[in-house]
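Colleague: I have not looked at this one before. Can you walk me through it?
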Amino acid sequence: MSEGKLYLTGLKPTGELHFGNYIGALRQACIASQENKTIIFVADLHALNAVRDAKTVRENSYKAAAVIMSLGFNMDNVLLFRQSDIDSVYKLTELLMNVTPKGLMDRAHSYKATVDKNTAAGLDVDAGVNMGLYTYPILMAADILLYDTDIVPVGADQKQHVEFARDIAGHFNAIYGNVFKLPEPQIIENAGILPGLDGRKMSKSYDNVIPLMAPESELKKKIMRIVTDSKTPEEPKDPETSAIFQIYRHFATMDEIATFAEKFRAGGMGYGTAKTILFEKVNSVLKPMRERYEHLMANPQEIDAAFAKGAEIARKIADRKIAKVKKAMLG
Ligand code: TRP
């Protein structure tokens, strides 16, 4: 591994990953890995507050790993593992509980969103809230602090969690001395506003996502279904308000983006044509990834081997850190 800053990000195994997942944290981590030490792990423990079926957790973890292994990370710089394989992360979570103010958890966006929903529905504020959901940010802080992470590439929705990790590290260090490095979030501009098929933010909860590893025919079908306004082919169009253009931007070069924008503004290009151009661009980027993904999903023993190899290295680093933390807290 090369010297310099350590990047780390976790990917929660939520089933089918979509364009939004890729454009956010994953691609940033992939770019970081070309020149930097990068830890990327499948955050299966983070799924447990909601997913109650072990088989689903396991299968989704394979899918997440297969995606990671297909995107073109520089694997010479990457440490990949499955979170639940590292016992020290459960330990650090428990130890960090003691320095984490309850009020911090009360302010977490994801918890607050549930409270707001419950309140609006006239339910008890904590209806359906388990401690896994409530303390989710502490587990995430443990993920980050265990490896002396410098930079955490995440989507905008996860920024607060990284700031919490930093706060928790600060509280700990103020009491016990300089044990933890303070991590910094790295957020990609515009990542939060990638539109989905209906023009709203691409999100599983809106059911408007384009799956990253969908077979070619499904990819095409989805792209052809992107909602547009009713402008005729001849009319000039505004690329900034078109989901077609907004998605294209994330896959094309600067020159290609400028050319496509010009075609929108000039008029003469119908939305059907624009969608075909988008499909071809996206497919050219995703095709080699999809082939590798399908190979891995058909050969899960390769994923098992990667998990085993990664866990062995990660465990050593994590165990060393937990020993230091225990020494600081317990003598
Ligand atoms: N909570 C993140 C998500 O839902 C996933 C995650 C878990 C993570 N642990 C992490 C991201 C540590 C960055 C660093 O997407």
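Colleague: Which domains does the assignment give for the protein chain?
Modeller: Domain 1 covers 6-194 + 299-330 and domain 2 covers 213-289, with bounds that come from an automatic or database domain assignment. This is a predicted model, where local features need pLDDT of at least 70, side-chain atom pairs count only at pLDDT 80 or more, and totals for chains, interfaces and linings use all residues. Residues are numbered from 1 along each chain as its sequence is written, and side-chain values use heavy atoms, with hydrogens and water left out.
Colleague: How many residues does each domain put into the contact?
Modeller: Nine residues come from domain 1 and ten from domain 2, with contact meaning heavy atoms within 4.5 Å. The C-alpha centres of the two domains are 33 Å apart.
Colleague: What area do they bury between them?
Modeller: About 940 Å², with 71% of it on carbon and sulfur atoms. Buried area is the accessible area (1.4 Å probe) that two parts lose on being put together, summed over both.
Colleague: Which three residues supply 45% of the area on the domain 1 side?
Modeller: Phe 19, Tyr 22 and Leu 194, more than any other three residues. Helix 1 (residues 19-35) gives the largest share of that side, four residues; helices are DSSP runs of H or I, at least four residues, numbered from the N terminus.
Colleague: How many salt bridges cross that interface?
Modeller: Zero, by the rule, which asks for a side-chain nitrogen of Lys or Arg within 4 Å of a carboxyl oxygen of Asp or Glu. The whole structure has twelve salt bridges. One of them joins the side chains of Lys 102 and Asp 106 at 3.1 Å, N to O. Both residues lie in helix 4 (residues 102-106), four residues apart, about one turn of the helix.
Colleague: Changing topic, which residues come nearest to the ligand?
Modeller: His 46, Tyr 136, Met 140, Asp 143 and Gln 158, of the 14 residues around the ligand; a residue counts as near if one of its heavy atoms lies within 4 Å.
Colleague: How far is the side chain of Tyr 136 from a nitrogen atom of the ligand?
Modeller: An N or O atom in the Tyr 136 side chain is 2.7 Å from a ligand nitrogen. For Gln 158, a polar side-chain atom lies 3.0 Å from a nitrogen atom of the ligand.

Methods. Helix = DSSP H or I, 4+ residues; strand = E, 2+ residues; numbered from the N terminus. Polar contact = N/O pair within 3.5 Å; in protein donor to acceptor, adjacent residues only side chain to side chain.
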